[in-house]
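Visitor: Hi, I'm new to this one. Could you show it to me and take some quick questions?

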Amino acid sequence: MSDEHPAMIAARASWAAIGGKAKQEWLDLMADDIVIEDPIGVSPLDPHGKGHSGKAAVAAFFDQNIAPNTIEFDVSESFSTPLESAHRMKLTTTFPNGTAMRVTGIFTYRVNDDGKLVSLRGYWELKDAQVVQPS
């Protein structure tokens, strides 16, 4: 695995932008034909199970799911090739009321030849999420 592969660079830049709530910086990492499936399949975040396609849909995903919350990434393993990376991680989302949701899954990032993200996929299921109430 190389930390210098474009897919690894894009994944880390994505985490930093999300952590900093830097919407435009996050969108700038993406190709126009980006598709985000997080989680993959039908869920409350994606009722049709087809993913969020294109920058307008991804911008709406950011506004609804990232902007109002605090998101932390705990990456335990990463694997990459030049154009794809996969990461085993725990993702903790803390909502404005202090409740947190933790999911553990595999998250993949694929970039095009220009290093722009074309796919971000989260392999996890809502039924496996841990909810932590504020103390």
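Visitor: What do the buried residues of α1 pack against?
Guide: They pack against α2 (23-28), α3, β3, β4, β5 (100-111) and β6 (117-123). Helices (H or I, at least four residues) and strands (E, at least two) are DSSP runs, numbered from the N terminus. Buried means under 20% relative accessible area, exposed over 50%, and partly exposed in between (1.4 Å probe, protein chains only).

Visitor: Before we go on, what sort of model is this?
Guide: This is a predicted model: local features need pLDDT of at least 70, side-chain atom pairs count only at pLDDT 80 or more, and totals for chains, interfaces and linings use all residues. Residues are numbered from 1 along each chain as its sequence is written, and side-chain values use heavy atoms, with hydrogens and water left out.

Visitor: OK, which residues are buried in α1?
Guide: A7, M8, A10, A11, S14, W15, A17 and I18. An α-helix has 3.6 residues a turn, so residues three or four places apart point the same way.

Visitor: And how far does α1 reach?
Guide: Helix α1 covers residues 6-19, which is 14 residues, and spans 20 Å from its first C-alpha to its last. That is close to the 20 Å expected at 1.5 Å a residue, where the expected span is 1.5 Å times one less than the number of residues. K21 follows α1 and has a positive phi, near 55 degrees.

Visitor: New topic: where is N69?
Guide: N69 sits in the loop between α3 (55-66) and β3 (70-80).

Visitor: Buried or exposed?
Guide: N69 is buried, because its relative accessible area is 6%. Leaving aside neighbours within four places in sequence, N69 is in contact (heavy atoms within 4.5 Å) with K21, T93, T94, F95 and P96.

Visitor: What does its side chain reach?
Guide: The side chain of N69 reaches the backbone oxygen of N65, at 2.9 Å.

Visitor: What about L91, where is that?
Guide: L91 is in strand β4 (residues 84-94). L91 counts as buried because its relative accessibility is 11%. Not counting residues up to four places away in sequence, L91 touches I71, E72, F73, M101, R102, V103 and F107.

Visitor: Last one: where is I40, and what does it touch?
Guide: I40 is in the loop between β1 (30-37) and β2 (52-53). I40 counts as partly exposed, at 28% relative accessibility. Residues up to four places away in sequence aside, I40 touches R121, G122 and Y123.

How values were computed:
Polar contact = N/O pair within 3.5 Å; in protein donor to acceptor, adjacent residues only side chain to side chain.
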